[in-house]
Amino acid sequence: MKDKLDMKIKIQLTPKATLVLATITCIGLMGITYFSKPSALTVREVVGSVVVPMQEGINEIGSWFFGLTEKKIKLEEALAENEALKNEVVALQEELKGYQSDSYRLQELEELLQLKNTYANYDTVGATVVSKDPGNWYHKFTINKGTKDGLAVNMNVIADGGLVGIITDVTENFATVRAIISDESSVSGTTEESLDSCIVEGDLQLLNQGYLKLSYIDIDADITNDAEIITSSISDKYLPGLVIGYAKDIKEDSNRTTKSGYLVPKVDFKHLKEVLVITTLKETSDKK
């Protein structure tokens, strides 16, 4: 009996029996689906009312994230472009500064050439100011020319159409200039018209008002306000005929024998860059 049972089980599990069983099952499921359309529609409605809105929500969220990402990318691109433009502006500004510097340099050289032509009867050497003593004014400074360029102590220095000062020390490559605005400076002056004499003295404190001292003017001298003061021939160090500046506020002194006032210097002693050194030396004497 056991053998018969085993035989029946084996017959039921053959491939053919399995195929038949699967076919019957499929036909049954098709029937159930056909006769259950209302239920299927209900399921679809549930799916349509729940899943579809959810899908739409997911799509909207996805679109929002996509838009956010796109905006971030555009913002990063804009920031990068802005940074590049900033760098370009900086580069253009530096280039402009270079052009302006070259323009100023050219203007200074043209002014020196004009000054050289003004004093064409003197041999000159151009030089650049490389350092100065502390303070707002170029009362003592160093130029980049020395003995190898033919410079020597007591040579006169000019710029801006007028007298700057005198060389007080010189090495092979550099020279020190003491300007006429220095407290130690004293220059014999005169006017080209009257030839009346005067003394121009440096005064750094007074220079803050834009003036130097103008003194020892004879009471009968014809030196009036705005008169051009030049170096006189009686100076032992300064060559004659160099413009020093212009007289201002000339008044009679209390001793009633002399007059004094102020002098507005010809040279801008706050912005010296280029100068000319007159290589001609004046004969030494005991006079100023």
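**View 1. Antiparallel pairing of strands β1 and β12 in the predicted model**. Strand β1, spanning residues 124–132, pairs with β12 in the antiparallel sense, and 5 bridges connect the two strands. Within this pairing, alanine 127 lies opposite valine 275 of β12.

**View 2. Strand β3 alongside β12**. Strand β3 covers residues 156–159 and is also joined to β12, here through 2 bridges in the antiparallel sense. Valine 277 in β12 is the bridge partner of valine 157.

**View 3. Burial of strand β12**.

**View 4. A barrel closed by 6 strands**. The strands follow the order β6-β7-β8-β11-β10-β9 around the barrel, with antiparallel pairing. From one strand to the next, the twist averages 40 degrees.

**View 5. Strands β9 and β10 within the barrel**. Strand β9 (residues 228–231) and strand β10 (residues 243–252) run antiparallel and are joined by 3 bridges. Glutamate 228 is placed opposite tyrosine 246 of β10. In the barrel order, β10 stands between β11 and β9.

Conventions: Residues numbered from 1 in each chain as written. Predicted model: local features only at pLDDT ≥ 70, side-chain atom pairs only at ≥ 80, totals over all residues. Heavy atoms only, no water. Pairing = 2+ DSSP bridges. Helix = DSSP H or I, 4+ residues; strand = E, 2+ residues; numbered from the N terminus. Axes fitted to C-alpha atoms, helices over the stretch in contact; angles between N-to-C directions. Buried < 20%, exposed > 50% of the residue type's maximum accessible area, 1.4 Å probe, protein only.
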